[in-house]
Amino acid sequence: MTNKALHDSFAYAASTVAIDNRAILLCGPSGIGKSAVSLLLMDRGAALVSDDQTQLYSQKTMLFAMPHPNIANKIEIRNLGIVQVNAVTEPVPVALKVNLDREAPRYRENAKQVNIADIAIPEIDIRPDLNLAPLKIEYALKLYGLSAT
């Protein structure tokens with residue numbers, strides 16, 4: 001990563017995991033289950049990028065996620081505390097934004113679009129049901145996620 005990218009990065013309120021070198025921003029209010037869903041996705045093979053706060057920067061037409069320097073390689077596991085884990089250290093292109101929302105619509109025909117740093121990112125709402133959210137997120141990445149190139 002260049003010094004310019006690091007200098008131009010900004011903190012974004014999201015837990016972030018990577019699947020197949022594509023970052024998924026997990027957003028929602030405190031206590032909704034961002035870290036729990038991250039853990040479940042990690043158990044299914046995803047890699048942690050950052051928990052709770054993610055550094056983002058744009059380069060040309062892509063948005064990249066990387067660990068927030070204060071919490072790199074750490075995740076909060078409720079009832080256990082802040083735990084050291086192996087995590088991604090290099091920037092990962094953002095492919096999808098997921099809003100964890102208990103009132104998420106039952107059906108959606110297409111992903112919405114959200115602009116982050118002037119980059120259009122597909123965005124979906126998912127109920128934070130811990131038994132199904134990871135599967136739904138993996139399918140959403142296949143259906144709506146941006147490619148890594």
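Let's start with a term: buried means under 20% relative accessible area, exposed means over 50%, and partly exposed is anything in between, using a 1.4 Å probe and protein chains only. What you have here is a predicted model, where local features need pLDDT of at least 70 and side-chain atom pairs count only at pLDDT 80 or more, while totals for chains, interfaces and linings use all residues. Residues are numbered from 1 along each chain as its sequence is written, and side-chain values use heavy atoms, with hydrogens and water left out.

Six of its six residues are buried, so E3 is largely enclosed by the rest of the structure. That goes for both faces: Arg 22, Ile 24 and Leu 26 are buried on one side, and Ala 23, Leu 25 and Cys 27 on the other.

Asn 21 sits in the loop between E2 and E3 and has a positive phi of about 60° although it is not a glycine. Asn 21 is partly exposed, at a relative accessible area of 47%. Asn 73 is another non-glycine with a positive phi, about 65°, and you'll find it in the loop between strand E6 (62-67) and strand E7 (74-77).

Back to Thr 16, which is in strand E2. Thr 16 is buried, with a relative accessible area of 0%. Its side chain makes a polar contact of 2.7 Å with that of Thr 54 (a pair of N or O atoms within 3.5 Å; within protein, one must be able to donate a hydrogen and the other to accept it, and residues adjacent in sequence count only if both atoms are side-chain atoms). Leaving aside neighbours within four places in sequence, the contacts of Thr 16 include Ala 47, Leu 48, Val 49 and Ala 65, where contact means heavy atoms within 4.5 Å.

Now for the charged pairs. A salt bridge is a side-chain nitrogen of Lys or Arg within 4 Å of a carboxyl oxygen of Asp or Glu, and the count comes to six. In one of them, Glu 138 and Arg 44 meet at 2.7 Å, N to O. This pair links distant parts of the chain, 94 residues apart: Glu 138 is in helix H3, and Arg 44 is in the loop between helix H2 (34-43) and strand E4 (47-50). Glu 138 counts as buried at 18% relative accessibility, whereas Arg 44 is partly exposed at 46%.

Arg 108 forms a salt bridge with Asp 125, with the closest N and O atoms 3.6 Å apart. Arg 108 lies in the loop between E9 and strand E10 (112-116) and Asp 125 in strand E11 (residues 119-126), so the pair ties together parts that are 17 residues apart in sequence. Finally, Asp 129 and Arg 127 meet in a salt bridge at 3.6 Å, N to O; Asp 129 is partly exposed at 26%, and Arg 127 is partly exposed at 37%.

Methods: Helices (H or I, at least four residues) and strands (E, at least two) are DSSP runs, numbered from the N terminus.
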